[in-house]
Structures are given as C-alpha cells and as structure tokens.
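Here are my notes on this model, written for someone new to reading structures. Have a look at it first, then go through the points one by one.

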Amino acid sequence: MKLNKNFKNLADDYLFAEVAKRVDDYKAAFPTADVISLGIGDATLPLSLKVVDAAKSAATDLGVKSGFRGYGPYDGYPFLKNAIIDYYTLRGVSIESDEVFVTDGAKNGIGNILDLFDVDNTVMIQDPVYPAYVDANVIAGHKIVFADATRENGFVAMPPKRGKADIIYLCSPNNPTGTAYTLAQLKEWVDYALDVGAVIIYDAAYEAYVESKDAARSIFQVTGARDCAVEVCSFSKMAGFTGVRCGWTVIPMGSPLNRLWYRRQAIKFNGTSYVVQRMAESALRGGYEDTKKMVAEYKNNAKIITKKFDELGIEYTGGVDAPYIWFDCGVDSWKFFDHLLKKTRLVCTPGSGFGINGNGWVRLTSFNSKERTEEAIKRFEPFWREFIAVRDKLFERV
Ligand code: PLP
C-alpha cells in the first residue's frame, strides 16, 4: 500500500486551529472574560420555519408507502433543479436541467471536480482566498500559480499579462476580502480563459450577498462563460445550510466536463438526501422571503462594522457584497490578532492565513448577532484610536 504522498505537501491546518488554540489559552487565563468572535465563518441564525416545515413534510412522505423514496437521481430531483434554474432566470441566466448537479455543498464541487483532470495541469488561484482550493490541488498534485490580490488592485485579482494556466479558481464575492468581480472584470477572466484554453471553476458561494449593480451574481452572466466555466454554489451562507449540507454545480452541456462529472457523481456520490433537497427547494420557493431576510440580517451586521470603519478612516474592502470585511491593520496579522484579543477580548481572523498577500490585513465576519456585533464595535473604537497612536512605537510595520 502506497499513500498519496501529496498529503505531505499540505500546509498544516494552521489558521483556524491556531485561532482556536490562542482563544482557548486566553479563556483559560481569563475564565470570566467576555470574548466576542468576529471570526465566525459559519451561519448562526436558525433556519427559516418554512424550510423546517419542508423537512418535516418530506420526512412524512418517506414514512408512507406512496411517498417513500430510495436512491434519488445522482444529479438531484427535478423539483430542486427547476427551483435552481428559476433562481438563475432571475439573474437573466438561462440554464438547462442537464447542466445542474445538486450536491451536498460547494466544497463537493470545488474539490471533487479535480477527479476529472489529469495531474499534468497548472492551476491558478487568487491570493488571498479560501484555503480549500490550494489544499484540494495540493492533494491532486497540481502545479499551483497565484493571481495576486493586493492593496494596489483593490484586492481584485486580474488575469496575468503573460503566463498560462489550465484550471483557474475564482471566488466572487471573495472570502476573505469581500470583493466581488464586476461583470466587466469577469469578462476579462473569461476572455483570458478562452484565449489560453483554461477552465474557470467559479465559486459563487456568497452570490446572495451581492448588492452592487455592476457586480456579478453568476459567471454565466458573462458572454463566453458557457465555453470555459463551471460554477459551484451553496445554500450554506444563503439559507443557513452549513449543517444541513446542500449546494449545486452548473456545467454547460457543451463542455466535456458535463458528462464526466455525471459519471463521477454516479460512481462516487449517491446524491443529496430527499429531505435536504425539499428543504433547499423551500429556501428558493416558499421560504425565499426568509432566505432574503437572513442574508439582509447578516449584511446589516456588516454595515454596523463598515460604518464605524468609515468614521475611523480604516482602509478596508468588502462588507457591501459579502459577509466579510477585510481591513488594513498595518502590522503582522498574528501580532494584531494577539493585541486585539488582549486589549478588547475580540477575535478576528489573521489575513496571512489566506495567502501571503494577506499579511498586514485582517478578516472580520458579520455572522455574529446584531447585539454582539454592536458590542464588539463599541469595544473596537477606543482600541483602534489607541492602537493607531502607539502602532509605530510598538510594532514593526508591514
Ligand atoms: N466556498 C467558499 C468561498 C466558502 O467560504 C465556503 C465556506 O466557508 C465554501 C465554499 C463551503 O461551502 P459549503 O458549505 O457549501 O461546502
């Protein structure tokens, strides 16, 4: 038996484990401290009661002879695929039923789709970004190159002038920077992919948060995308399904990836459960108003944070089209993390954990409650004023 030696090339699962460890150490030293996390990357609001009713009624279906279902279609039940197709129609995007694959979440598409590619592929990934793309490609043994997102380009990575990639991962709205591609920027990526013969794997897990008029909700809003792109999406942050597990992948019929993905899912994935698919259908149909309300509530928390940042003159991206706010702390991200925790009992996520371009930056999320977000920002304001006054004396700038 020979192990996949690529696992040895994975970076340690450092970021969230290290955040948890430092918070645990702090709590052990100060057991009564009221720690607030603005680092939460998980949904916290309860499910819509309409979605819960859909689960109950689906479970009831399964308990009677006429409603019982065994294995479902590998690519999802038509009732959910149709709801997803109608959701795309709202954005002016037309997709066919054979192009939609219901999954158990966006991670399913992000990582498992690599089964379809030869090892001899170069993958381009934004830096900073959600770490799963790099890790999945390290395991697959792919060569990885990066598209830089920095202060200079407003943390919006664009195609390189030279150089080629075969597989391109794009995350928009981006975790952690909260930036969303405009349709014009995305068109540049589509043109680049068509030019070099690459496929774009477009992660739209946060598309429900987009409000800027010119920002993309789907890569398929861009001309040419059907000839080079695959889209993965999720109910996780849109409807609080992080624990329920449901998402989808769209692969145009013209792509050779479409039938390969069907085979792959048929061989390795027996489909998402009927109950969960009924819940997901409800999140897009009868419970859609609740879905929108949930997103609006998280977005309101983001506004509480960005309003204060505007007052304090803090340089940041995000918060408008995403549940993430990405700000410039100007010092080593981990040193800032420790200092913030010690002085305010607030937890953030150090930007350096998302890629080398993230050092000196910090991610905050809007997944805490309104009350806790308000309390956090109340603590943050005096902290920041003092931090700015002493920053150059106490820390090395990055
Ligand atoms: N894509 C991005 C950009 C994410 O931030 C996350 C989760 O945080 C996921 C995908 C995972 O989504 P899912 O829960 O649908 O697997």
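1. Some ground rules. The model is predicted, so local features are used at pLDDT of at least 70 and side-chain atom pairs at pLDDT 80 or more, while totals for chains, interfaces and linings use all residues. Residues are numbered from 1 along each chain as its sequence is written, and side-chain values use heavy atoms, with hydrogens and water left out.

2. How do helix 1 and helix 11 cross? Two packed helices are described by the angle between their axes and the distance between the axes. Here helix 1 (residues 14–29) and helix 11 (residues 333–344) have axes that come within 11 Å and cross at roughly 30°. That makes the two helices roughly parallel. The cut-offs are under 35 degrees for roughly parallel, over 145 for roughly antiparallel, 65 to 115 for roughly perpendicular, and oblique for the rest. Axes are lines fitted to C-alpha atoms, for helices over the stretch in contact, and angles run from 0 to 180 degrees between N-to-C directions. Helices (H or I, at least four residues) and strands (E, at least two) are DSSP runs, numbered from the N terminus.

3. Who touches whom? Helix 1 brings Y14, L15, E18, V19, R22, V23 and Y26 to the contact, and helix 11 brings W334, F337, D338, L341 and K342. Contact means heavy atoms within 4.5 Å. Sorted by type, these residues give 8 nonpolar, no polar and 4 charged. For that count, Ala, Val, Leu, Ile, Met, Phe, Trp, Tyr, Cys and Pro are nonpolar, Asp, Glu, Lys and Arg are charged, and the others, Gly among them, are polar.

4. A quick check on helix 11. Its 12 residues, at 1.5 Å a residue, should span 16 Å, and its end C-alpha atoms are 16 Å apart, which agrees. The expected span is 1.5 Å times one less than the number of residues.

5. Which residues of helix 11 are buried? They are S333, W334, F336, F337, H339, L340, L341 and T344. Buried means under 20% relative accessible area, exposed over 50%, and partly exposed in between (1.4 Å probe, protein chains only). Their cover includes helix 1, strand 10 (324–328), strand 13 (361–365) and helix 12 (370–394).

6. T349 sits in strand 12, and strand 12 (349–350) is also among the elements covering helix 11. T349 is buried, at 1% relative accessible area. Beyond its neighbours within four places in sequence, T349 contacts L15, F16, G39, F354, V362 and R363.

7. Now try Q221, in the loop between strand 6 (199–203) and strand 7 (229–234). Is Q221 buried or partly exposed? Its relative accessibility is 28%, so Q221 counts as partly exposed. Setting aside neighbours within four places in sequence, Q221 touches R91, V93, L183 and A216.

8. Keep an eye on the backbone too. Most residues other than glycine have a negative phi, and most peptide bonds are trans. The bond from D127 to P128 is cis, with omega near 5°, and another cis bond joins S172 and P173, with omega about -5°. P128 is in the loop between strand 3 (122–127) and helix 5 (132–140).

9. Two residues other than glycine have a positive phi: R245, near 75°, and R345, near 65°. R345 lies in the loop between helix 11 and strand 11 and is partly exposed, at 28%. R245 is partly exposed as well, at 31%.
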